[in-house]
Amino acid sequence: LVACGGDKPKPSASSDSITMGFAQVGAESGWRTANTKSIQETAKTAGIELKFSDAQQKQENQIKSIRSFIQQKVDVIAFSPVVETGWDTVLMEAKRANIPVVLTDRAVDSKDTSLYKTFLGSDFVVEGKKAGEWLVKEGDAADVNKDGSIKVVELQGTTGAAPAIDRKKGFEDAMKANPKITIAASQTGDFTRDGGKKVMESFLKSQKNIDVVFAHNDDMGLGAIEAIEAAGLKPGKDIQIISIDAVKDGMTALAAGKINYIVECNPLLGPQLMDLAKKVVAGESVPARVLTEETTFDQAAAKAALPSRQY
Ligand code: GZL
């Protein structure tokens, strides 16, 4: 747990500087690294004092950080909840301390929406749907074993995390349009490259004739590439790969033909977060839900986008 910043008294009401406590999930993926960079850089340019903690993907660490921010009397708390459940108590403590909370990236399942002012992030069901719709459209090409069925293995994100739950749901909804597509095996790789590699190694042993890997993020897709190549197969050809995020390493693999399609999940939430934080601290009303702009990439689009890619 890395919580920086001492016990500074809350700036007097007259000072216009805002102190934000940000409890980050961890540093598990390229997406997370880009997300952290965006938040830290835009806090500086926005003149917001940032207290930042890295929970190493553990909910209890995020809760400890939020409690620490409450004790330090920050002006606003923002965080990306590692999993959807178990936040009501600590969010109620922030509410009682009259500290507004902004959710970024991932959602919570709290029924009491007064516990946070707004939720800034992607629609993960749509991301999963876009991945499934591509597979339905490319169905014939995806039947690499030419046996009439399209056998998918799925590398799920962190168990209980909103992006893992919703991407799975969106993909399964979309794939219903082509009954030849089935998910033969599905297991969490915890959004990490090593997790994706280990799970893919086990799928290659337990599953015959895999046609497609659906990875909930690029990092697990990149781990799957390592496992597929170690098995003497060609990723992107013998086994197609669809992933989500569109971070630089994923886009590089896509441009090289080792991944077939990537659905973007934009990590650059910093500018919108700082704007929302200023409004919330000033007592202005903000939308309950702020969606991020994002697109999709095939191999040609990745080649074109790579040179100017920010992350
Ligand atoms: C999505 C974000 C996910 C990314 C992963 O908004 O929460 O967590 O897709 C990251 O790469 O680990």
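On strand 1, which residues lie on one side and which on the other, and are they buried or exposed? In this predicted model, Ile18, Met20, Phe22 and Gln24 sit on one face, while Thr19, Gly21 and Ala23 sit on the other, and all of them are buried.

**Strand 1 and its partners**
- Seven of the seven residues of strand 1 (residues 18-24) are buried, so the rest of the structure largely encloses this strand.
- Strand 2 (residues 48-54) runs parallel to strand 1, and seven bridges join the two.
- Within that pairing, Met20 has Leu50 of strand 2 as its bridge partner.
- Strand 3 (residues 76-79) also runs parallel to strand 1, joined to it by four bridges.
- Here Ala23 is partnered with Phe79 of strand 3.

**Helix 1**
- Together with strands 1 and 2, helix 1 (residues 30-46) makes a right-handed β-α-β unit.
- The end C-alpha atoms of helix 1 are 24 Å apart, which agrees with the 24 Å that its 17 residues should span at 1.5 Å a residue.
- Buried residues of helix 1 include Trp31, Arg32, Asn35, Ile39 and Ala46.
- The buried residues of this helix pack against strand 1, strand 2, helix 8 (218-230), strand 9 (240-245) and helix 10 (270-281).
- Just after helix 1 comes Gly47, with a positive phi of about 70°.

**The annotated span**
- An unreviewed UniProt entry carries the annotation "domain: Periplasmic binding protein" for residues 26-284.
- In the model, residues 26-284 are 46% helix and 19% strand, and the end C-alpha atoms of this span lie 30 Å apart.

Key: Residues numbered from 1 in each chain as written. Predicted model: local features only at pLDDT ≥ 70, side-chain atom pairs only at ≥ 80, totals over all residues. Heavy atoms only, no water. Buried < 20%, exposed > 50% of the residue type's maximum accessible area, 1.4 Å probe, protein only. Pairing = 2+ DSSP bridges. Right-handed = clockwise from strand over helix to strand, strands pointing away. UniProt positions renumbered as here; feature names shortened; annotations may be inferred. Expected span 1.5 Å × (residues − 1). Contact = heavy atoms within 4.5 Å.
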